[in-house]
Amino acid sequence: MPTPRRSVPRTSPLLAGACALMMAASTPALAEPRSDSGVQLERLDRGLVAVQAQEGVFLSWRLLASEVGGHTDSGLRGPAFRVHRDGRVVAVVRDSTNFLDTGGNADSEYRVVPVPRGRPGVGPEGEAAVWSEGHHDLPLRKPEGGTTPAGEDYGYTANDVSVGDVDGDGQYEFVVKWDPTNSKDVSQKGYTGTTYVDTYTLDGELLHRIDLGVNVRAGAHYTQFLVYDFDGDGRSEIMLKTAPGTRTLAADGTASHVTMPAEDVEAGYTHDDDYRMSSQDYYEHLVEVFLGWHGHPEVTAGNWPVTLEEALGEEPRYDYPLTRADAEALADFFIDEYAPARSARNDLRDFEGFVVHGPEYLTVFDGLTGAELDTVRYEPGRGDDGLLWGDYAMARIEPGNRVDRFLAGVAYLDGERPSAVFARGYYTRSAVVAYDFDGESLHKRWTADSGHVPMDNPFDAAPHGGAGTDPETGTLAGQGFHSLAAADVDGDGRQEIVYGAATLDDDGSLLYSSHDHGPPQSAVPGEYVKLGHGDAMHVGDLDPAREGLEIWSVHEGGRYAPYGFAMRDAATGEVLFGGYTGVDTGRGMVGDIDPDVPGLEAWSSMPPGDEVRAGLWSADGDHLGNRTPGTNMSIRWSADMTTQIIEGASDPRVQDWTRGTLLTAEGTLTNNGTKGNPGLVADVFGDWREELLLRTEDSTALRILTSTEVTDRRLYTLMHDPQYRVGVAWQQTAYNQPTYPAFHLGSDTDWASVPVPDAVYPR
């Protein structure tokens, strides 16, 4: 391992105008032991919002799952609500959780009081002033920009958002990831700026900022952050991958680094280490790899060629062990001749900005103060720069690519308490690790690791379709997507991890790995092959006529995959229907866009005009036509419980399949280029419908928009459905995907079948 450069201490972007309020103690009190059982959910307040609308002031508020007592033809039974405007009762609402006050104005103040069985004062009340502009702008503190070692200037834009109740008052705070303007995909060379993660109150008070430091590269695949109450004390923690240099900038302006393991300190690692590689660093790294070729375990085991010349298709020229001069000659040949001959895009002479050495950690932070609660090693470690992961094996030589694909999520693996799930890899080796947090320490629950896909030559192989070395979970390799999901797919009361085209059971064992036979027109006719990697998947009760959950997914294996899109049984992985496309099918979506069709509709991003390779499908496989909605993100916005689609990068729109544009969010932007993702779509406030969170054009605010259509549908907050709630926690992971409840949610919802969770709430 090369000696790390010692960076000159930098002046960090300070928290300008730091909050005057000093933070409380850094370690939260542990929740009292509880003998009662049930799934742990958040104790939320009423979530009342009041929004200036054309006809008056629109109000909506939460029905809590704990308040539900039966169902009606249009929703779930619960308390009636008295609506007070400026101290006077203006309505009693019995059949919904929203109200349009035609007598209200921008200066009105509202209070909503639950009235169960005619007795006021039971359950939380709600108070709200009016959003006079029709939305709420949460002020943000944009970090100062910087300059990379290559001399490139960069600034910052607000990116992904998550929510959690970090102070235990029943209201959500907002955790915002800041992306430098030079953030990169893992396949792109170049330096990036530092990633920051901020926590704000609704009124814009910055509670703390996590500075991930120079040793965590910036981009959609690197920083997956989880915001959840893992220890059951009523306050959310923040958990994410860290490295030497990661620190918290507290509200009082003080900074504190994460705690490095004692063995790392003894080994000489410090928080001043800078492991970003220059192009010369990469060259020296490659020379070191070549110098050690004769002793590589795969070489000594007889799995790889004995000489690099043989591996690179050349005649033998050198004696082994190589001298430095010979290793440099081979490195020059590899960079200047071999790699460009494989692909014109292999420009390794200018390869820079990657981090392939140095420690990697997993840290849990106090959500309120940002104080470190525990730090452990990130598992699995990278091992190398991607040589074993297939990053040198194909035409595109991409060190640091497949090895640095990260995913994260939350799951109720025991059916009661949430566990954190962190993963590495999905094209080849796939490894998933589950952790529990008890308020003081992280404890590993289980590890599921496919092992590396064997290659007979790491410089010329096709590892994407292979199985890993682990005899139990080897076929997990190559099945992962750019996201994961947690859902109780087998109905045992415990959530599983849907890892793309494979699913891990709640104990970490492989439940199934979906395969099928290649069709005659494919490159693998008759072969039993994996469905393989894809960009988008959706897990929920998509077809209410079938028992259990379904998975809709698209796949990018092209001629080597049996399907470009497929609907699967979530319990078994069996394909219910699908279509071979022969090309990379990049996008897919589901939603109840047509209330006349039972269940949710499903579609993929194939060009129109081909009934096999494109189009709109019913949940049970009927082709409904070639015209399809967008595929970037969905939202439940409409009063009739149909699904809408968010489209556009600038001034994004909420589009209804039959009614057209319902909202244009002027002055805002979506994230992640062509992915077009909002910061967050989630049921953050109000009734069961989802809010739309977007950055303003200058990233000085997070704009929160809510639907003002009056609805007579009555449902508890979606955040009290365990599958939906954990989905909100992983929505920002890599390629952002919508989240779904465990029950069928659409215009044809059967209210008698909507489950009310058997839950416990923090005291």
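The legends below describe close-up views of one predicted model. Local features need pLDDT of at least 70, side-chain atom pairs count only at pLDDT 80 or more, and totals for chains, interfaces and linings use all residues. Residues are numbered from 1 along each chain as its sequence is written, and side-chain values use heavy atoms, with hydrogens and water left out.

View 1. A cavity is a set of points, on a 1 Å grid over the protein atoms alone, where a 1.4 Å probe fits but cannot get out. Grid points are joined across faces, edges and corners, and a volume is the space filled by probe spheres set on the points. The count is eight cavities of 30 Å³ or more. The largest cavity has a volume of about 120 Å³. Its lining holds 13 residues (lining: an atom within 4 Å of a point). R587, T631, K675, N736 and Q737 lie nearest the centre. By class, the lining has three nonpolar, seven polar and three charged residues. Ala, Val, Leu, Ile, Met, Phe, Trp, Tyr, Cys and Pro count as nonpolar, Asp, Glu, Lys and Arg as charged, and the others, Gly among them, as polar.

**View 2. The largest pocket.** A pocket is an open set of points with protein on both sides within 12 Å along at least five of seven lines. The largest pocket holds about 780 Å³ of space. It is lined by 34 residues, with D488, D721, A742, F743 and P755 closest to its centre. The lining splits into 14 nonpolar, ten polar and ten charged residues.

View 3. Strands are DSSP runs (E, at least two residues), numbered from the N terminus. Two strands pair if DSSP finds at least two bridges between them. The order here is 13-14-15-16-19-20, with antiparallel pairing. Strand 13 (156-164) and strand 20 (255-257) are at the edges; each has a single partner strand, so one side of each has no neighbour in the sheet. The twist averages 20° from one strand to the next, with axes as lines fitted to C-alpha atoms and angles running from 0 to 180 degrees between N-to-C directions. Within the sheet, strand 15 (residues 196-200) and strand 16 (residues 206-211) run antiparallel and are joined by five bridges. V197 faces I210 in strand 16.

**View 4. Strand 5 and two partners.** Five of the six residues in strand 5 (residues 80-85) are buried (under 20% relative accessible area, 1.4 Å probe, protein chains only). Strand 5 pairs with strand 8 (residues 109-115) in the antiparallel sense over six bridges. A80 stands opposite V115 in strand 8. Strand 5 also pairs with strand 6 (residues 88-93), antiparallel, over five bridges. Here V83 is opposite A91. Strands 5 and 6 make a hairpin with two residues between them. D86 in the turn has a positive phi of about 50°.

View 5. Strand 39 (residues 601-604) and strand 40 (residues 616-617) are linked by two bridges. W603 stands opposite L616 in strand 40.

**View 6. The surroundings of T643.** T643 lies in the loop between strand 42 (633-635) and strand 43 (644-647). T643 is buried, at a relative accessible area of 8%. Neighbours within four places in sequence aside, T643 is in contact with G591, D592, I593, S634 and I635 (heavy atoms within 4.5 Å).

Conventions. Helices (H or I, at least four residues) and strands (E, at least two) are DSSP runs, numbered from the N terminus. Buried means under 20% relative accessible area, exposed over 50%, partly exposed in between (1.4 Å probe, protein chains only).
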